[in-house]
Amino acid sequence: MNETASSTGNLFSLQSHILSEESRHPGASGDFSWIISAISLAGKAIAHRVRRARLENTLGEAGATNVQGELQQRMDVIANEILMRCLGSRASIAVLASEEEEEPTILRRGSEGGKYCVLFDPLDGSSTLDTNGAVGTIFTILRNDPLIESAERTVCQPGRKQIAAGYILYGPSTAFVITTGSGVDLFELDPFVGSFILVKQGIRIPTSKRVYSVNEAYTASFPHGYQEYLKWAHANDYSSRYIGSLCADVHRILIDGGVFMYPPTLSHPDGKLRLLYEANPMAMIVEQAGGSSICGTTPTLDVQPNKLHQRAPLILGSSDEVKRVADFL
Ligand code: AHG
Ligand code: MN
Ligand code: MN
C-alpha cells in the first residue's frame, strides 16, 4: 500500500485520477468518468447533510417503510433524492436502481445512449445515524444490455460483471473507496479544497488477522457451521469488532484485515444484506484488494441474481480468515 500524500500537500483528485484511468482505455468516451463525478458530487452533498442532520433536525424515521419492509430514515430519503438528481442528468445512464425504491428507474434505452446501469444503497447503516455512528453510500456500475427488455432483468447480473464498485464512508473523515477492476484506491475529502484527494493506491488486505465481525446476538439462529467457527475463534485468541454499519465494518477490514459475516438467521433465512448493491460491490472491492468473499461456499461474485432486492449471506475479508470460516461450513 503506497502512500501518496506528501508534505507539500497532495492534489491528485478523484477527477484527475479517473481521467488518467480513462486515458488508459483507448476508445473510452468519458461517459464513465461523468458517472463517477456524479457519484462524487452526490457524496459531497450527502456528507454535508449527514453531518448537519442533528442541527437540521433531519434524523429519525421518515414514517414509511421501504420495499425491504424496513423503517425508512429521513436521511435515507434525502440521500436517495440527492443520488437520483446527480445521476439522473448523466446522459450515458440507462437504468438507476436503489435500495429505497421498489422498481428500477429507466432513464433511456440503449438505442438512446443508455450504456450503464448504476445501483446503490444511498445510506447504509442509517439506523446508527441518531447515535452519530458512521454511515455510507454503496454503489456499483454495470453495463446495460439493450437486448433485455426488463430493467430488473438487465440489472440482475452476477457480481463478476461489475465494471466498477465503491463506497463513500461518512466517518471522522469522508472516505471514497473505488475499484474499476485494477486494484482499490482510497480518496479522502478535503473540505477546504472541496475535492476527494488520492491518499492510497492499490490497497492490499492483510492475508490473515484474528478479528471477526458478526452480530453475535443471532448466534443461536446461525447454521451449525457458523456456530462451530465462532466456538473455534473464541478458543483461538480472536478479537471481535462489529459496528453494524456495513461500510464501516468493511472499511476496517480493508485497512486492517479480519473477516466479516452476515449469516442466514431465523428472521433473515437468506441473510439480511442485499446481493446486488451491498454484497456484490463489497465483494468486488475485497477481491480486488487480495481478499475473498463467499456466499455459503460459492464466491459471492458468481451468484446469479434473480431479483433486484434479493438478499444473500455474506462472508468477506482476509483470504486466510474467509477460508477458516468456509472450512467450518
Ligand atoms: P441499511 O442501513 O442500508 O439498511 O443497512 C444496514 C445493514 C448493514 O449496514 C449492516 O451490516 C447490517 O444492516 C447490520 O444488521 P444488524 O443490525 O442486524 O446486525
Ligand atoms: Mn445497507
Ligand atoms: Mn440503506
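Predicted model: local features only at pLDDT ≥ 70, side-chain atom pairs only at ≥ 80, totals over all residues.
Begin by selecting the manganese ion (ligand 2) together with D121, D124 and E278. These residues are its protein donors, through OD, OD and OE atoms respectively, at 1.9 to 2.2 Å from the ion. Along the chain, the donors follow the spacing D-x2-D-x153-E. D121 belongs to strand β6 (residues 116–124) and E278 to helix α7 (residues 275–288), so the pair ties together parts 157 residues apart in sequence. D121 and E278 are both buried.

Next, display the largest pocket, whose volume is about 490 Å³. Of its 27 lining residues, E70, G125, S127, K272 and R274 lie nearest the centre. Two or more lining residues come from each of β3 (71–73), β6, α6 (246–256) and β14 (259–262), with β6 giving the largest share, three residues. Colouring the lining by class gives eight nonpolar, nine polar and 10 charged residues. Domain 1 (5–200) and domain 2 (211–328) each supply at least three residues to this lining.

Select H25, A28, F32, Y116 and R143, which lie nearest its centre among 17 lining residues. Here α1 and α2 (31–56) are the elements that give two or more residues. The lining comprises six nonpolar, six polar and five charged residues.

Finally, select S13, in the loop between β1 (2–3) and α1 (14–23). S13 counts as buried because its relative accessibility is 13%. Beyond its neighbours within four places in sequence, S13 contacts F187, S195, F196 and I197.

Terms used
Residues numbered from 1 in each chain as written. Chains lettered and ligands numbered in written order. Heavy atoms only, no water. Helix = DSSP H or I, 4+ residues; strand = E, 2+ residues; numbered from the N terminus. Buried < 20%, exposed > 50% of the residue type's maximum accessible area, 1.4 Å probe, protein only. Contact = heavy atoms within 4.5 Å. Donors = N, O, S within 2.8 Å, 3.2 Å for Na, K, Ca; no water. 1 Å grid on protein atoms, 1.4 Å probe; cavity = no way out; pocket = protein on both sides within 12 Å on 5 of 7 lines; lining within 4 Å. Points joined across faces, edges and corners; volume = space filled by probe spheres on them. Nonpolar A, V, L, I, M, F, W, Y, C, P; charged D, E, K, R; others polar. Domains from an automatic or database assignment.
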